[in-house]
Amino acid sequence: MKIVFITPTTALRRFPIYRAGGKIYGQSNSITGPLILGGILKRAGHDVSVYEELNGGVNYRKLLKDTDVFCFSIMTSNALRAYELADMVHEKSSARVIMGGMHATVLPEECLEHADQVITGEGEKDSAHDSQQ
Ligand code: B12
């Protein structure tokens with residue numbers, strides 16, 4: 001199965017000049033959660049890629065062609081961008097959308113308005129909330 005993890009980033013932080021500044025000042029640390037979960041799924045035999053919008057543009061047109069599952073890792077600050085991307089995935093492909101992370105853990109019902117499934121707590125073990133649609 002082709003699984004893609006995305007950590008979205010707000011519009012301001014997607015500005016090339018902001019990204020360049022981040023590289024100079026060393027803010028572009030990779031986010032640990034998706035890397036851990038991606039590693040587990042990779043060892044289980046899946047084709048996994050992990051992207052962070054903070055660090056560079058993501059070629060969604062290419063990914064939408066053959067991705068089975070989009071996994072969004074969300075904080076409150078990037079939730080609106082995650083919802084925008086999730087809606088775009090549902091509109092343009094038949095891929096499943098799963099959300100997790102701090103914001104999804106606190107407000108799973110809000111996330112379920114845009115995701116097929118929300119995982120609260122640690123992705124390795126915690127509970128799943130499914131969309132009724
Ligand atoms: C370390 C850290 C950082 C580091 C990250 C470095 C790194 N290598 O990961 C740095 C300094 C870069 C950082 C930056 C920011 N952070 Co920070 N950070 C943390 C901190 C202290 C720990 C996060 C962590 O790594 N946890 C360990 C990993 C393994 O756990 P995790 O990320 O939660 O992921 C697990 C689950 O959430 C879940 N999961 C996560 N994603 C997904 C996705 C799917 C699909 C699934 C199924 C599950 C899943 O499974 C994962 C594995 O168990 C938390 C506080 C905390 N105690 O959680 C704040 C925290 C997450 N950060 C926060 C904030 C606000 C930010 C910034 C927006 C701050 C800013 N103004 O710039 C930025 C955003 C950076 C970005 N790239 O967008 C807030 C988020 C609040 C909120 N309501 O969403 C927190 C909660 C701190 C706080 N209390 O305010 N942060």
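Predicted model: local features only at pLDDT ≥ 70, side-chain atom pairs only at ≥ 80, totals over all residues.
Residues are numbered from 1 along each chain as its sequence is written, and side-chain values use heavy atoms, with hydrogens and water left out.

View 1. Helices (H or I, at least four residues) and strands (E, at least two) are DSSP runs, numbered from the N terminus. An unreviewed UniProt entry lists residues 36-125 as "domain: B12-binding". UniProt positions follow the numbering used here, feature names are shortened, and annotations may be inferred rather than shown by experiment.

**View 2. The shell around the ligand.** Here you can find 23 residues around the ligand, of which Arg-13, Ser-30, Ser-73, Thr-76 and Glu-124 come nearest (a residue is near if one of its heavy atoms lies within 4 Å). The shell divides into 10 nonpolar, 10 polar and 3 charged residues. Nonpolar covers Ala, Val, Leu, Ile, Met, Phe, Trp, Tyr, Cys and Pro, charged covers Asp, Glu, Lys and Arg, and the others, Gly among them, are polar. Helix H3 (32-43), strand S3 (69-73) and strand S4 (96-100) each supply at least two residues, and H3 gives the most, with 4.

View 3. Look for Glu-124, where an N or O atom of the side chain is 2.5 Å from an oxygen atom of the ligand. For Arg-13, a polar side-chain atom lies 2.6 Å from a ligand oxygen. Thr-32 has a side-chain N or O atom 2.8 Å from an oxygen atom of the ligand.

**View 4. Ile-40 in helix H3.** Ile-40 lies in H3 and counts as partly exposed because its relative accessibility is 38%. Buried means under 20% relative accessible area, exposed over 50%, and partly exposed in between (1.4 Å probe, protein chains only). The C-alpha atoms of Ile-40 and Glu-124 are separated by 8.5 Å, although the two residues are 84 residues apart along the chain.

**View 5. An aromatic pair.** How many aromatic pairs does a search of the whole structure find? There is 1: Phe-70 and Phe-72 are stacked, at 6.4 Å centre to centre with 15 degrees between the planes. Rings of Phe, Tyr and Trp (its six-membered ring) pair if their centres lie within 6.5 Å, and planes under 30 degrees apart count as stacked, over 60 as edge-to-face and the rest as tilted. Phe-70 is buried at 0% relative accessibility, and Phe-72 is buried at 2%.

**View 6. Helix H5.** The 14 residues of H5 (residues 79-92) should span 20 Å at 1.5 Å a residue, and the end C-alpha atoms are 20 Å apart, which agrees. The expected span is 1.5 Å times one less than the number of residues. Buried residues in H5 include Ala-79, Tyr-83 and Met-88.

Key
Polar contact = N/O pair within 3.5 Å; in protein donor to acceptor, adjacent residues only side chain to side chain.
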